[in-house]
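Morning, everyone. Please put the structure up on the screen, and we'll walk through it together.

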Amino acid sequence: MTMSETRAGDREPSQRLYVPVPNTSADSVQPAKRPPSFKGLRVGFLGNLKSNCDVLMHAAEEQMLMLGAASTLYREKESASLGATAALLDELAANCEVAVVGLGN
Amino acid sequence: MESGFVALANYERKSLGMPELPLALVPYAMGGIPPEQARQLAVDAFGKMLGEISAALTGEPRGSAAPVEAKAVVAYNATLMPDDSSFDGVNRLFYERQWADGLPIVPPTVERVSAMLRYTDLAPDHVLGKMGPSWHPTTVHHVAVNAVMAGCRPEYLPVLIAGIQAILDPELNCYGTQCTTNPAGIMLLVNGPIARELDINGGTNLFGQGWYANGTIGRAVRLCLINIGGGYPGTSDMSTLGSPNKWGSCIAENEALSPWPPFHVDRGFAPDTSTVTAIATTSPQNVTELSADPRAILDTLASAFLVAGSNCTYFDHEPMVVLGPIQAGHVARGGFDKQAIQRYLWEHGKIELKGFSATSDKVIRQWKVHSIKTEDGKEFVYPTRRPEDIGVIVAGGDNGPHCALLATFNGTHLITRAISRADGTPVRSVQEFVRS
């Protein structure tokens, strides 16, 4: 099906319908510059409180340390169903060069 | 992240302006298995994910040279002209574009939306907030468009706007409710004179069919959640089973048959103020007690909270209890007011924290930590953190021994907003918007 899109204020058509979805795009966020290697870096882990996410991330912490990371910092969200608090994100940002975040089950 | 969440991850990173944010897929289903087994899998999984993680943490991110863009102008009034403008043609187009909920929609013509917008003194481009997971700005105009599509009468718009304002309060956790695997949707409760003015049913069959306002206002909320919030099943709405409540629902309290002050008065509003309360809940769980004994009625209700598998068993939240008028009358004659009901349900709804699977035991201890208390050397889980976190209303017909529990989603609160003018002054009638 083809269609033509117009804006309000154009000539009144016989059956002009409003689009129900906002026509916006998200602010583009510039990614941080990456280090050449994670050797010697502080690596953050943010668990999402889903079953065994902590087990997975603790195993990853151990492996990252064996592969040369200077240290790791593991934190968990306060609720599995809410986003991380700004304080938690600030702590990870202040103490880690890179971070891994859990998503989903 | 497991494979079932790739679509959600892709949707979210795009919505958040980071389409190139690196993802690493966990190659195994890790949830629900014993920790020792999970650990073995985790070590193996990490080996398989190492390349992805290493590249994500150290590789030069794609798109890094792109400048930060200013927010695009909100084209809040974009229109289209379908080549086939018949009812069937419009519905085919809206369905193909994922703008509908599976039922036929009323075409949102410029004329119908203009008529709807007469019932607000907010500007059409006024932004009520951002709705996740799309994080689109929620303009009054878009709420009106979706209200028309749902079949709402123009005079319903003030209720819907107050409801969307409540939904956009972060304390409701709309974002989590939209994206969860849980079957929760969002229900609206309307209190005060406007509920009666608009004939919003709070009596017989209030959760069911038969009332135009209940059906269309509830449906309009769902359409807003889809079209403004971006809740697309299988992509960003991850509900495993869904529920009838996710089609949308709107109810009133049966204030005329309640022995107690209505819910909005409990919340500090004047009796003649009209309010809308957003409830992020699964479908109503009916609770029947055939006895007229007030304590028997409350005991049965109390035991309905922490049953196996219920949202209430796992979640830190504010559930809602719906007392049918007959049961409410029995309880009131027993000397209970709403505070006494809350206290009784909270104290008698607790269960000992034992007998759960290892996985559920761990999850309850993490998620519901603020509702666990140790008494005489035993650990107990309470329905909520505090008695006052249990909402209580009276609703339904004066004809049966039924109550209901609305088992809400995790991290949600019951959020109430007054139906008001733009300056915050509550209106006594929706007709005030068209008189001025």
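What do the buried residues of helix 4 of chain B pack against? Keep that in mind for a moment. One caution before we start: this is a predicted model.

Let's look at the helix itself. Helix 4 of chain B covers residues 110-117. Four of its residues are buried: B:Val110, B:Val113, B:Met116 and B:Leu117. Look down the helix axis, and those buried residues fall within an arc of 125°, so they line one face of helix 4 of chain B. Here is the general rule. An α-helix has 3.6 residues a turn, so residues three or four places apart point the same way.

Now, back to the opening question. In chain B, the buried residues of helix 4 pack against strand 1 (78-82), helix 5 (140-150) and helix 6 (157-167). Strand 2 (17-18) of chain A is a partner too.

Chain B has an open sheet of four strands, in the order 5-4-6-14, with mixed pairing. Strand 5 (249-252) and strand 14 (415-418) of chain B are the edges, each pairing on one side only. From one strand to the next, the twist averages 25°.

Where does helix 6 of chain B come in? It packs on this sheet, touching strand 4, strand 6 and strand 14 of chain B. Its direction makes about 50° with that of strand 6 of chain B.

Strand 4 (185-191) and strand 6 (275-281) of chain B run antiparallel, joined over seven bridges. There, B:Asn191 stands opposite B:Thr275.

Methods
Residues numbered from 1 in each chain as written. Chains lettered and ligands numbered in written order. Predicted model: local features only at pLDDT ≥ 70, side-chain atom pairs only at ≥ 80, totals over all residues. Heavy atoms only, no water. Buried < 20%, exposed > 50% of the residue type's maximum accessible area, 1.4 Å probe, protein only. Helix = DSSP H or I, 4+ residues; strand = E, 2+ residues; numbered from the N terminus. Arc of directions from axis to C-beta. Contact = heavy atoms within 4.5 Å. Pairing = 2+ DSSP bridges. Axes fitted to C-alpha atoms, helices over the stretch in contact; angles between N-to-C directions.
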